[in-house]
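I opened my notebook for a friendly walk through this model. I wanted the overall picture, then a few local spots.

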Amino acid sequence: MGGDHAPDVVLDGLERAADRHRAVRFLLVGDEARLRAGLSTRPKAAAICTVRHAPDVISGDMKPTAALRLRRASMRMAIDAVAAGEAEGVISAGNTGALMALAKIVLRTMPEIDRPALAAIGPSARGDVVLLDLGANITYEVRNLVEFAVMGDAFARAVLGLTAPTIGLLNVGSEELKGDERIRQAAEILRESHIGAGFHGFVEGHDITAGTVDVVVTDGFTGNVALKTGEGALKLVGTLLRQVFNSSIPARLGYLLARPALDRLREWMDPRRYNGAVLIGLNGVVVKSHGGTDALGFAHALDVAMDMVTHGFNERIRTGVALLGQRAAGGGEGLDPAPQAVAR
């Protein structure tokens, strides 16, 4: 029930994705009357969906603290279904802060992971690139960067289908002496880890779009700034192109000649292709669709969730972190044990 055009966009996205996911069942949580009415005109989606009524909806401007109290809201009930083992993942186009807060509290962080991270896919000159963390953690420690790298490696294998992804730590320079002590320590651990062969080293901002590596790892503050800067740059390019091609009659004629190439460029840069940010490191798959997306974009978010489930994403993370722990136990460079919770 979340997003700018709910629930129609969700139902239209399911109708688009139904051909690709015929063996999968989807649990729709929300206003039962509206959902059943929508499914009556979308037979493909109806064939793969079960409806569960939720009387409440978490609005887009609701604070996470208020959202935590709505136990009968559609978002909360959907996450509860994952926690209860009724579903393996949750996809929502609703309130991002509420989704992150509810997912962390209800699903909890995996025992092997100190903090979850927000990851997403973007375009680069060499194909798709994974970027994390995008805002789940404003502050960080050494172990967080190392764990983000392990999770990013698993994400690239599960969602992008890469067999040997390359990983870089975002820094102010590519030289080994650049950056603060935390990022240099994280780099040293990664070089000696099981993903050492795929660890490229330090990368800079321009390497993200250049496709220098498949996975770019950074803290949530820097990652969010990089993400928003990239989105702004794409919008600027689109605005400038429209201004140039509308500037004169010859320019408009030039547009007609260049239109096939521009259509391919527009398709490649279409943000709907990259819809579906993922909160990783939790006991379940959590995918956040953009609230303003359309059916095509929501279908892409569904695909991301399905890739993570069918390719055992969380098991890949557990395996990767376990290998780090084994190396530390054997005297190699590794992570310190995760902090233990203390009852107060």
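**Entry 1: the whole chain.** I began with burial: 46% of the 344 residues in the chain count as buried. I kept in mind that the model is predicted. For secondary structure I found 13 helices and 10 strands. The radius of gyration came out at 21 Å, close to the 20 Å that the globule rule gives for 344 residues, so I noted the chain as being as compact as a globular protein of that length. Along the principal axes, the C-alpha atoms fill a box of roughly 65 × 60 × 35 Å.

**Entry 2: contacts and surface.** I looked at contacts with a separation of 6 or more, and 69% of them join residues 24 or more positions apart. The accessible surface of the chain is about 16900 Å², and carbon and sulfur atoms hold 55% of that.

**Entry 3: a nonpolar patch.** Next I asked which residues make the nonpolar surface patch of about 300 Å². They are Val237, Leu241, Leu265 and Trp268. Helix H10 (220–245) and helix H11 (249–269) are the elements that give two or more residues to this patch. I picked out Leu241, which sits in helix H10. Its relative accessible area is 31%, so Leu241 is partly exposed; the patch takes residues with over 30%.

**Entry 4: arginine 42.** Is arginine 42 buried or exposed? I found arginine 42 in the loop between helix H2 (32–39) and helix H3 (43–48). With a relative accessible area of 12%, arginine 42 is buried, because the cut-off for buried is under 20%. Setting aside neighbours within four places in sequence, I listed the contacts of arginine 42 as Asp8, Leu11, Asp12 and Glu15.

Technical notes. Residues numbered from 1 in each chain as written. Predicted model: local features only at pLDDT ≥ 70, side-chain atom pairs only at ≥ 80, totals over all residues. Heavy atoms only, no water. Patch = residues over 30% accessible without salt bridge, like charges linked within 9 Å, V, L, I, M, F, W, Y side chains within 5 Å. Areas by Shrake-Rupley, 256 points an atom, 1.4 Å probe, with all protein chains shown as cover. Salt bridge = Lys/Arg side-chain N within 4 Å of Asp/Glu carboxyl O. Helix = DSSP H or I, 4+ residues; strand = E, 2+ residues; numbered from the N terminus. Buried < 20%, exposed > 50% of the residue type's maximum accessible area, 1.4 Å probe, protein only. Contact = heavy atoms within 4.5 Å. Rg over C-alpha atoms; globule rule 2.2 N^0.38 Å.
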